Amino acid sequence: MTDEKFQGGMAEKPSPPFQLVTLKKRADFKAAANGPRFSTPGFTMLRGPEAGAVPPATGLRFGFTVTKKVGNAVERNRIRRRLREAVRAAADRFPRHPMDLVILARRTAIERDFPDLVADIARAVDALARRGAHKSRSSAAGEVSEN
RNA sequence: CCAGUCGGCCGGGCGGCCGCGAGGCUUUUUCAAGGCUUCGAGGAAAGUCCGGGCUCCAUGGAGAGACGGUGGCGGCUAACGGCCGCCGGGGGCGACCCCAGGGAAAGUGCCACAGAAAAGAUACCGCCGGGCAUCGCCCGGUAAGGGUGAAAAGGUGCGGCAAGAGCGCACCGCGUCGCUGGCAACAGUGAUGGCAGGGCAAACCCCGCCGGGAGCAAGACCGAAUAGGGAUGGCGCGCGCCGCAAGGCGCAGGAGGCUCCGCUCCAGCCGUCCGGGUUGGUUGCAGGAGGCUCGGCGCAAGCCGGGUCCCAGAUGAAUGGCCGCCACGUUCCGCCGCGAGGCGGGGCCAUACAGAACCCGGCUUACAGGCCGACUGGAUAU
RNA sequence: GGGGGCGUAGCCAAGUGGUUAAGGCCGGCUGCUCAUAACAGUCUUAUCGGGGGUUCGAGUCCCUCCGCCCCUA
């Protein structure tokens, strides 16, 4: 059902109607803190558990963490907006695997070329989806069976 | 044209594709989603250094004390440590700039080193007089000169004197008492004193004035979940002494958002009623000491009146991402020109400082580049 | 958002307004030792976080800015 909706969107417009759902609760971030991680020049991506009760079409939820060490308020805002836009741009390359992902921004995210940033996001999501799936098969079978 | 002073303002523009938040309208049978449309960061939104609004708590002594802040005078303001005007002092050729700028005869304290002496004065070298008399020593007078210091007990000149000294006089400074001008700070001026009263109060302090406390995570409401909390009414009141008893006297614990005094409340039992912390949501929450503009008053800060506009409301936190063109800037290369400069092409992710979090008024700090006005000192030309 | 505190040498730190700013660790050199450590002696290292003001004089007092830490949910 979700797949049909997704494909229908594709047919109408050149880019899919990807709706970005962000993590809002501190507990969600803490759940991802010790999960598998994938680092790129602009950020580190952390993988949390399966998405919550009402997952979006793609089943992915993203959380953005930009600490005060990175820069002042203007720079932090800019980094968060670029990363969010990069996630949107990379959405059509995402695997359909429900999970929470936390993006821990680095200062270099403000300088990095936007196409590279988009490629990094796609690379990281793909890698973490496969690694998470591999891990869940061996350790936590309950999470997979729910899917 | 060069150098400078002061005040005010701007701080990219247009367009394309894809998005975000909020409001309104609308479509589908509902849940929900879609469509259209409007609006969507700053001059400092920053630092949080002051002042208010607003909310809750306290509110008896319009108490006293402590603590903190503030400090020329007058005005503006809701208020201020802000702003305007003026006065006084200092700096600059000038436009102009800077100043915590009350009190040092209420008291206490400090003034290192140097110096004779650092504050009820004193005398190292000197100067003068007298005595003894071989260099010189002793006694007295003096504070003009030398020297020390950031600062040396009014300054300069003349007289005077043994030498000197406000000892006398003139001018300046200072104090006191008048007069004139000014709302006042203060200024001017006259008389008089005869030099007393060094500096530091961003040392303690004194004087005047101001300040109750906490903060929108204040506060109010709703829902879920849990059972240790709360409100109210009645009865009752800890310890000691006196008394047969009723009761009387004395002492004490905790709370009331700095302390004290005063005052009030509380402790245990029973009845009735309501549901705290925590988490989520709604509200507070944007029509305001509001913006723009016109007229009047005022030197100005500002005030009064008319017209007109509605102009951000997020909450892991919207206002963006990627491009194109233009303006401006900067830099490099080539060509032209004696030169100022001009033309063409390229680079700078081609824009500084920086992101509302309840709201206003200020202050302070950061800031690429640019614009406007007034004025000052030079230079040149007429 | 609100409240509190700190900043002195590479590190830890003392410092009533008054000489050239204590002390310890570290470091350099010398001695001792075959050598090292320990020990003894000796020496160096300070824009007192930056700027401005008050004062004759500021690490100290006042103002302002910067950086860091803690508390409060």
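What share of the 147 residues in chain A is buried? I found 39% of them buried, taking buried as under 20% relative accessible area, exposed as over 50% and partly exposed as in between, with a 1.4 Å probe and protein chains only.

A note to myself on the ground rules: this is a predicted model, where local features need pLDDT of at least 70 and side-chain atom pairs count only at pLDDT 80 or more, while totals for chains, interfaces and linings use all residues. Residues are numbered from 1 along each chain as its sequence is written, chains are lettered from A and ligands numbered from 1 in the order written, and side-chain values use heavy atoms, without hydrogens and water.

Next I read off the secondary structure. Chain A has five helices and four strands, in the order α-α-β-β-β-α-β-α-α; these are DSSP runs (helices H or I, at least four residues; strands E, at least two), numbered from the N terminus.

Last, I searched for aromatic pairs (ring centres within 6.5 Å; planes under 30 degrees apart stacked, over 60 edge-to-face, the rest tilted; six-membered ring for Trp). The whole structure has one: Phe62 and Phe94, tilted, 5.7 Å centre to centre with 35 degrees between the planes. Phe62 sits in strand E3 and Phe94 in the loop between H3 and E4, so the pair ties together parts 32 residues apart in sequence.
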